[in-house]
Amino acid sequence: MIEAELSRSVQRWCKGATGVTGAAKLSGGASQETWRFDIVHPDGPVGAILRRSPKGYGAAPTRAAGLAAEAQLMQLAFEAGVPSPRVMHVLVPDDDLGTGFIMQRVEGETIARKILRDDEYAAARPLLARQIGGVLAGLHRLPQDKLPELRSRGATQEIAEFERDYRSLNWPKPVFELALRWLRDHDPGPSGETTLVHGDFRNGNLIIGADGVRAVLDWELAHLGDPMEDLGWVCVNSWRFGEIDKPVGGFGSREELFAGYEAAGRKVDPARVKFWEVMGTLRWGIMCGGMMQRFREGPDHSMERAMIGRRASETEIDLLRLLAPRGS
Amino acid sequence: MQDEPTPIELTKSVADFLRGDIAPLISGHQAFKLRVAINILDLVTRQLTQEEGSDAKEAERLRALLGIDGSVTELNRALAERIAKGEVDLATPGLAEHLWATTMDKLAVDQPNYASYKRELGRNP
């Protein structure tokens, strides 16, 4: 079905293209879908990805930057040499595909557990923490005068926002209260420098190949803020997938991450990184609560969502390990 | 008093049936969904087995910590409020131990294979 619209679309903007084949939905919630397909071209097939909100789902949720902004950010990143797919086309009404964009497909793996366990990535794994430092440095240096309009968020606002989200769940959790107190007591205040923040830079949102990071995906939570937020989020234990002694996505150490970041000419503030790691751990815990609420109130009454609600306790133990570590 | 088998035994029998007889027959997304379903039944079985004991101990610790009585839900709400107000914090004797014990009991039901939990289980508290 979607192949007909995609075929008409590619023939308009991809010179020589005659159609598309192999369209398959990779993931999709109610408001956003990702499809893979191949553009049929006399020079050989071109792998492509469609990210779109289907018709009738134009409005972005409050925290999301929106697909148009995402396309612009990925293109900027690509041009600046930050690993990113090339954006081929931003959807227009004539495409009849909703809103979104089409990008070049980058081959590689995004499933965190495979990246952490499969032999194919064994040579890349020890390099990734440092490499991620360099990628983040490049991302934080993207020219601000070229960025799309993005929300601006500092530590103080984020604490208030997460507290509000948590209280709205009416889900009294002493460990979350402790974390909120800790965050308020350790609020580093406005960052000396405001940069682009990816907002969801973690193992699972990166395409990894045998050679390392090939692309940074999922820019929908991009905003302006404290660059240390990205360094803290990539260290949250939930994204280590069992490799708990390797804070950076299960790949390596904070020292390697920081060294890669500083080798690319940017400064790390380890205290701020720690603050954002605690914040990130709580953030994922509150998101688990949100999943539980959505499961209970109906829109997505799936078993998977129900079980994510039961993963909040994982963030509680991780918060205790950060804030009240026990001896040996 | 209800007759037997107990809910624990009944739930476990369904999980074992799905795992042993149905799982080998299906693949793809349905197999993934079935794994989630089996995980849910296993979680329910663990909760039915452990909840009574862990809730009683949790309520006892909370009564000692707060100096008030109530259900485990009410006591948790009261503790959450006191932490939010700053009346209780990690310097309060018994708080860290209570939160650790409570959280470990939750993980034992929710995610006994979670790496942080397994690490902490190996420690001497």
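Chain A of this predicted model carries 11 helices and 10 strands (DSSP runs numbered from the N terminus: H or I over at least four residues for helices, E over at least two for strands). Its radius of gyration, taken over C-alpha atoms, is 20 Å, close to the 20 Å from the globule rule for 328 residues, so chain A is as compact as a globular protein of that length. That rule is 2.2 Å times the number of residues to the power 0.38.

Some housekeeping: residues count from 1 along each chain as its sequence is written, while chains are lettered from A and ligands numbered from 1 in the order written. Because the model is predicted, local features need pLDDT of at least 70 and side-chain atom pairs count only at pLDDT 80 or more, but totals for chains, interfaces and linings use all residues.

**Chain A overall**
- Along the principal axes, the C-alpha atoms of chain A fill a box of roughly 65 × 50 × 40 Å.
- Buried residues (20 or more other C-beta atoms within 10 Å of their own, with C-beta atoms placed from the backbone) make up 46% of the 328 residues in chain A.
- Take the contacts in chain A (C-beta atoms, placed from the backbone, within 7 Å) between residues at least 6 apart in sequence: 67% of them join residues at least 24 apart.

**Where A meets B**
- On chain A, 25 residues are in contact with 31 residues of chain B.
- Helices α6 (174–185), α10 (303–309) and α11 (312–323) of chain A each give two or more residues to that side, and α11(A) has the largest share, with seven.
- By class, the chain A side splits into 10 nonpolar, four polar and 11 charged residues (nonpolar is Ala, Val, Leu, Ile, Met, Phe, Trp, Tyr, Cys and Pro; charged is Asp, Glu, Lys and Arg; polar is the others, Gly among them).

**Helix α2 of chain B**
- α2(B), residues 28–66, kinks by about 50 degrees, centred on Q50(B) (the angle between axes fitted to the seven residues ending there and the seven starting there).
- T45(B), L62(B) and L65(B) are the buried residues of α2(B), and their cover includes α1 (7–22), α3 (72–85) and α4 of chain B.

**α2 against α4 in chain B**
- α2(B) packs with α4(B), residues 95–110, at about 170 degrees, axes 8 Å apart.
- The two are therefore roughly antiparallel (over 145 degrees).
- The contact has six nonpolar, five polar and five charged residues.

Key:
Axes are lines fitted to C-alpha atoms, for helices over the stretch in contact, and angles run from 0 to 180 degrees between N-to-C directions. Angles under 35 degrees count as roughly parallel, over 145 as roughly antiparallel, 65 to 115 as roughly perpendicular and the rest as oblique. A residue is buried if 20 or more other C-beta atoms lie within 10 Å of its own, exposed if 12 or fewer, and partly exposed in between; C-beta atoms are placed from the backbone. Two residues are in contact if their C-beta atoms, placed from the backbone, lie within 7 Å.
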